[in-house]
Amino acid sequence: MVYKYLPYFMFKPLFGDRKKWGLKADFSDKEYIEALKEENVQKFYNDNQKGNIGTTVNHFGFKIMRKIDLTNKIVLEVGPGKIDHLDYNKTKPQKYILADIRKKFLEMSNNRLKEYGITNSETIEVQGTTIPIEDNSVDVLVTFHQLEHIYELEKYLQELKRILKPNGILIGAVPAEGGGSLGIWKIPNIQTICEEKYEF
């Protein structure tokens, strides 16, 4: 990864002052609290993910949804955003569960589900890596451009595994340096099988 070889004067503006702040969020830090205010998060999301290169990158990943049949499935989507990936999928699940750390994003996502004709839905506001859903209760788990934001990733993946039914499917995309990985993954013991890779 390129960032490991960057001199710190170049690394710092791109990835933050990690020598000073470390790698884990300090929820009591005033600047962090300010950055997490609803209007700031929404502005960042709109500026960076919609209407520019973010949209193009996201849609590369979303196209994997063409291969998925959600019919009569229990679907959980974590960090759903505007769920534009449903443009690529016309099948109707039995139930669609949305989980996010932000109530406003959940409201937005739930309204979008209705636009797609999905009316049996549930929203769950979460904190940290725990999702209050029963073990082995979800057929399909969707996570587009969300996993890269999770600091305790291994713990979080174990939580996703706990929720998925045996042979459940994890669908998503994760941006990567020089391109991105996307695909349909079966996760017995968190061994992922990436079906496709795209470059941009």
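Mentor: Start with a definition: two strands pair if DSSP finds at least two bridges between them. The model here is predicted.

Trainee: What makes S1 and S4 a pair?
Mentor: Three bridges join strand S1 to strand S4, residues 138-144. Pairing needs at least two, so S1 and S4 pair. The two strands run parallel.

Trainee: Which residue of S4 is the bridge partner of leucine 76?
Mentor: Leucine 141 is the partner of leucine 76 in S4.

Trainee: How do you know that S1 pairs with S2?
Mentor: Five bridges join S1 to strand S2, residues 95-100. The cut-off is at least two, so S1 and S2 pair as well. These strands also run parallel. Isoleucine 74 stands opposite lysine 95 in S2.

Trainee: Why is S1 called mostly covered?
Mentor: Five of the five residues in S1, residues 74-78, are buried. Ile74, Leu76 and Val78 point one way. Val75 and Glu77 point the other way, and they are buried too.

Trainee: Why is serine 109 called buried?
Mentor: Its relative accessibility is 0%. Buried means under 20%, so serine 109 counts as buried. Serine 109 is found in helix H6, residues 103-115.

Trainee: What else does serine 109 touch?
Mentor: Leaving aside neighbours within four places in sequence, serine 109 is in contact with Pro80, Gly81, Ile83 and Leu98.

Terms used. Residues numbered from 1 in each chain as written. Predicted model: local features only at pLDDT ≥ 70, side-chain atom pairs only at ≥ 80, totals over all residues. Heavy atoms only, no water. Buried < 20%, exposed > 50% of the residue type's maximum accessible area, 1.4 Å probe, protein only. Helix = DSSP H or I, 4+ residues; strand = E, 2+ residues; numbered from the N terminus. Contact = heavy atoms within 4.5 Å.
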